[in-house]
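Hi,

Here is the model I promised to pass on.

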Amino acid sequence: MNIISSEKLFLRAQHSIPGGVNSPVRAFKSVGGTPVFMEKARGSYLYDADGNKYIDYISSWGPMILGHAHKPVIKAIQKYAAYSTSFGAPTELEIKMAELIIGMAPNVDLIRMVSSGTEACMSAVRLARGYTGRNKIIKFEGNYHGHADTFLVKAGSGMATLNIQVVPGVTAGVSNDTLSIPYNNMAAVIHAVAQHKNEIAAIIVEPVAGNMGCVLPAPDFLEGLRKICTEENIVLIFDEVMTGFRLAAGGAQERLGVDADLVTFGKVIGGGLPVGAFGGKRSIMEHIAPLGSVYQAGTLSGNPLAMIAGYTTLKELKNKPEIYLSLDAKATYLREGIDKVLTKSGVPFVINQLGSMISVHFSKQPVTNFDQASACNIPLFNKLFHFMLSNGVYLPPSAYESWFLNDALSYADIDKTISLFKKFSKQYLQNDL
Ligand SMILES: *Cc1c(COP(=O)(O)O)cnc(C)c1O
């Protein structure tokens, strides 16, 4: 595999773009090496600037759930682009999108579109604060809710990848209003809520975490959050930017059977275009401007191209629920295949998976929170990453990210991936023990 064009592009990019990338994890800093510059993608495959082909396990970090350049989505974007790329005035398409989401996601009476997951989470927290008249929020270590100031306390994803503990530029005043608690630790939540009686506006949580690798909620953890939020009049926010429309048509709420007060969306909801959304119970959402005085706005919010890409994607997911069964089956097949190979190798490992979210941790202990995710053998993951990359499989370039399957992925693709795990095991793991 040669990556001469990518190497040249990366050198050139660093002259005009900080670190050569527009989002930190893309820089390969933790895995090392040169990021691969992409040229096109189709179905389950990515093609880089040197013409190398990769089986894609990132799916653009989630959005490409139906596969890349999915024909109905591309056709719809082309059709709507000809009508104008933005009006700055309302369109019927925005209503259709809102109605579709309300029909799919539980506990969403009203929904507001924004342009990213960050904006969605930031706005949901502002709304929770405005609604409750309280300042503090609880978030969980290793959960990522976008890059708004409030959330940059022990956030997972890129911050974990780059080992950034404290973010310069985030004021102490802001950080002091964010209480960060170990994921899956209900006792710590109960303690924090008791210590800050009537001060907590919201608890925001990734119902299935994907930003410290894939980490599942412990039995009764989400139910416990629901209970304490109800008792203490705290707004429970499910950050479903990853899990929404991925774990089920109704997201984690539907799949795990727990109700949130507010829900944030992103990734899949835009079908690959920049979209986010936050929605929830009418009594809370009514506080958003222009109905209420919690201000929130966006020049390109509800952008017609973003709406039609998202609408077309969601509509297909709604009309073909078998897609979720197929994604689950593929993820299970992948997990079982890797499990068999790694068990044979003797290397300590844990595979966490739910639906089409999956990750392999090289760990002796279960991985249920950020400390355990951080204690994994990360150099070994990095070795795996580069082995896979050079053999045409594109995994997330960080041990702290979930893998996302897309429905274009074939069983032949998965078999190839499993056989590469075998090769990797023979080449590296036997020596690593
Ligand atoms: C990606 C992500 C976000 C941020 O979304 P952006 O569109 O990158 O701003 C927020 N929450 C979760 C759970 C995410 O995975």
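Which hand does the crossing of H7 and H8 have? It is right-handed, meaning that the near helix is turned clockwise from the far one by less than a right angle. Before the rest, some housekeeping: this is a predicted model, where local features need pLDDT of at least 70, side-chain atom pairs count only at pLDDT 80 or more, and totals for chains, interfaces and linings use all residues. Residues are numbered from 1 along each chain as its sequence is written, and side-chain values use heavy atoms, with hydrogens and water left out.

Back to the helices (DSSP runs of H or I, at least four residues, numbered from the N terminus, as are strands, which are E runs of at least two). The axes of H7 (residues 186-195) and H8 (residues 221-232) come within 10 Å and cross at roughly 15 degrees. So H7 is roughly parallel to H8 (an angle under 35 degrees). Axes here are lines fitted to C-alpha atoms over the stretch in contact, with angles from 0 to 180 degrees between N-to-C directions.

H2 (residues 71-81) packs on H11 (residues 304-319) at an angle of about 150 degrees, their axes 9 Å apart. That makes H2 roughly antiparallel to H11 (over 145 degrees), and H2 passes H11 in a right-handed crossing.

Now the ligand. Residues around it (a heavy atom within 4 Å) include Ser-116, Gly-117, His-145, Glu-206, Asp-239 and Lys-267. The shell divides into 3 nonpolar, 6 polar and 3 charged residues. For polar contacts (N or O pairs within 3.5 Å), a polar side-chain atom of Thr-118 sits 2.6 Å from a ligand oxygen. A side-chain N or O atom of Asn-211 is 3.2 Å from an oxygen of the ligand, while a backbone N or O atom of Tyr-144 lies 3.1 Å from a ligand nitrogen. The protein covers 83% of the 380 Å² of accessible area (Shrake-Rupley, 1.4 Å probe) that the ligand has on its own.

Most residues other than glycine have a negative phi, and most peptide bonds are trans. Phe-28, in the loop between H1 (4-16) and strand S1 (38-42), has a positive phi of about 65 degrees. Ala-289 and Pro-290 are joined by a cis peptide bond, with omega about 10 degrees; Pro-290 lies in the loop between H10 (282-285) and H11.

Cheers

Terms used
Polar contact = N/O pair within 3.5 Å; in protein donor to acceptor, adjacent residues only side chain to side chain. Nonpolar A, V, L, I, M, F, W, Y, C, P; charged D, E, K, R; others polar. Parallel < 35°, antiparallel > 145°, perpendicular 65-115°, else oblique.
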